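Here is a report on one protein model. Keep the sequence and the 3D view open as you read.

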Amino acid sequence: MLTTNHCFPKSLLQNKPCRRRGAAFVLIAVCLFAFVTLAAMTIDFSYMQLVQSELRVATDAAAKAGAEALARTEDVDLAKAAAVQYAAANRVGGKPFAISTSDVELGRVSPQGTGRWAFTPGGTPNAVRINAKTGGTAAHSAVPFFFSRVLGVSSFSPTQTATAGQQEVEVCLCLDRSGSMLFDMSGDDWVYPPNNPNLSTFTSWGTTWQNHLSPPHPTASRWAVLRDAVNVFLDEAGKFNPPPRTSLVTWGSDYTMPIAPSTFYPSSTTNVALPSTGSFVWSTNKTNVQNAITALNNQPMMGGTNLSSGLDMAVGVLKGTNSSLYTNKVIILLTDGQWNAGRDPVLAAYDARGQGITVHTVSMLTTTQATLQSIATITGGKYISTSNQAQLRAAFEELAHSLPVVITD
C-alpha cells in the first residue's frame, strides 16, 4: 500500500508552511506601516488646517486692532503696538502668536467701484496690513508636526495676510421707547423712579397710571440711563476720522394717549435723518441726535415692543436717498423687553442682511434674548447683554470702537 510520503517528500511538506508564514509577516508589516503613515498624514494634515485657521483669526484680529488704534489715535507707533498686542492675545500652534512691528504695514485702502478695496502702502494711512509669518527669521517659530519621524518633515511654516482699514460708516441708532423705558433700573416691571419732577398731575386712575402717563424721570429712568450710554457712543465715535454719519430711529408700538389731548404716537419714528455726505458736519449731527433724545425725555412713553417696526424703519433710513453705495451700514438696536407686537423680527433681520446691513443688538435689564442673538447672528453683528448702567455704557463704547474698521482682504 502506498503512503503519503511516497508522493510528497518530507522536505516539501516541511518547507511549504514556513514560506507561507514568512510572506504573511511581510504583508502585515507593509500594511501596518501604510496604516501608520496614513494615520500620521491624516492627523497632521488636520492639524495644519486647524493652525491655518488659528493664524487667520490672529492675523485678522491684529489688523483690526491696528486699524482701530490708528483711526482713534492717529499715531502710527500706537497702531503697530496694538497690532502686536492683539496678535499675542490669540494662540497659534499652542502658543501666543508673535509678530514684530516690521510685520505691520501701514497704507491706504480705497474702493475700486466694484465693492472691492485696494491697499496701497505708504501715503497718509487709513489701513493696516499684517504680513504674518512663522518659522525662519519670523517672530513666531515654525509649527512642529506630531509625527515628524514618520513623515520625514519636522515642522511647517504657514503664512497669512490680512488688511483692515477705515471705511465711511453710516449708523442708525434704533432705540426702544416703549412704556417700560419709564421704569427704574431694578429690572422689575411697573416700578418707577421716585420723586419724578416730570410727574403728571393726573391722579384719577391711581398712582401707576399717574406715573405711566408722565414723561420719564430725567436721571433715574431706563430712558435716562440709555441717553447717558448714547452720549458715550457719540463721544467715542467722534474721535474717529471720519466720524460716522448717524441717524436716530425710536420705536414702540402704535398707541394713542388715553387722556386729552389724546396724542397718537406711531410704532416707529425717524427722529434724526441720515445726513447726506455733502452736508455732513459731525458736531451738528451729534447735537441733533442728543437734542432729539432730550426731546423724547419730555414726553410720555407708552405702547408695546414692535421691534420689527423699528428695525424696518432703520433699514429704510440706511437705504434712503442720503445713503452712499459703498459705505459700511450699521444698525445698533436696543430694547429692554421681548418683542410682543408686529411681525417676527427675525424676518426683518433677513431683510436687513439682504440690504448688506449689519445689526448689533443690545439687551437692557433682561436675560439672554434668543431673538436679539438671532438678529445679530443673521446680519453678522454682535449681541451684548447688559444688566446695569456701567455695562450699558461699556456696550455702547465697544460698539463705537468697532464701527470704522473693516477687513478688506
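## Nonpolar cores

This is a predicted model. Start inside it. The largest nonpolar core has 37 residues. Within it, L173, L226, V230, F233, L334, L392 and F396 touch the most other members. Several elements each give at least two residues to this core: β9 (169-176), α6 (222-237), α7 (282-296), β14 (328-335), β15 (357-364) and α11 (389-402). The largest share comes from α6, with eight residues.

Take L226 as an example. Leaving out residues up to four places away in sequence, L226 touches L175, D176, M181, L334, M364, L392 and F396. There is also a second, separate core. This one holds 24 residues, including F97, I99, A132 and A162.

## Salt bridges

The whole structure has ten salt bridges. One joins R245 to E170, with the closest N and O atoms 2.5 Å apart. R245 sits in strand β10 (residues 245-251) and E170 in strand β9. The two are 75 residues apart, so the pair links distant parts of the chain. R245 is buried, at 1% relative accessibility. E170 is buried too, at 0%. Salt bridges also link E170, R245 and K329 into a network.A second bridge pairs K239 with E236, and here the closest N and O atoms are 3.0 Å apart. K239 is partly exposed, at 44% relative accessibility. R343 lies in the loop between β14 and α9 (345-354), while D312 belongs to helix α8 (residues 307-318). These two are 31 residues apart, and the pair links distant parts of the chain. Both ends are partly exposed: R343 has 33% relative accessibility, and D312 has 30%.

## Aromatic pairs

Now look at the rings. The count is nine aromatic pairs. In one of them, the ring centres of W205 and W209 are 5.2 Å apart. Their planes meet at 80°, so the pair is edge-to-face. W205 is partly exposed, at 41% relative accessibility. W209 is partly exposed as well, at 33%.

F280 and W282 form another pair, with ring centres 6.5 Å apart. Their planes stand at 65°, which makes this pair edge-to-face. F280 is partly exposed, with 21% relative accessibility. W282 is buried, with 13%. F280 is at 21%, whereas W282 is at 13%. Elsewhere, ring pairs link Y47, F145 and F156 into a cluster.

Most residues other than glycine have a negative phi, and most peptide bonds are trans. Some spots in this model depart from that pattern. Which form does the peptide bond from A260 to P261 take, cis or trans? That bond is cis, with omega near 10°. P261 lies in the loop between β11 (255-256) and β12 (264-265). S262 is in the loop between β11 and β12. S262 has a positive phi of about 55°, although it is not a glycine. S262 is partly exposed, with a relative accessible area of 41%.

N195 also has a positive phi, near 60°, and is not a glycine. Find N195 in the loop between β9 and α5 (207-212). N195 is exposed, with a relative accessible area of 74%.

Methods. Residues are numbered from 1 along each chain as its sequence is written. This is a predicted model: local features need pLDDT of at least 70, side-chain atom pairs count only at pLDDT 80 or more; totals for chains, interfaces and linings use all residues. Side-chain values use heavy atoms; hydrogens and water are left out. Rings of Phe, Tyr and Trp (its six-membered ring) pair if their centres lie within 6.5 Å; planes under 30 degrees apart count as stacked, over 60 as edge-to-face and the rest as tilted. Buried means under 20% relative accessible area, exposed over 50%, partly exposed in between (1.4 Å probe, protein chains only). A nonpolar core is a set of buried Ala, Val, Leu, Ile, Met, Phe, Trp, Tyr and Cys residues joined through side-chain atoms within 4.5 Å. Helices (H or I, at least four residues) and strands (E, at least two) are DSSP runs, numbered from the N terminus. Contact means heavy atoms within 4.5 Å. A salt bridge is a side-chain nitrogen of Lys or Arg within 4 Å of a carboxyl oxygen of Asp or Glu.
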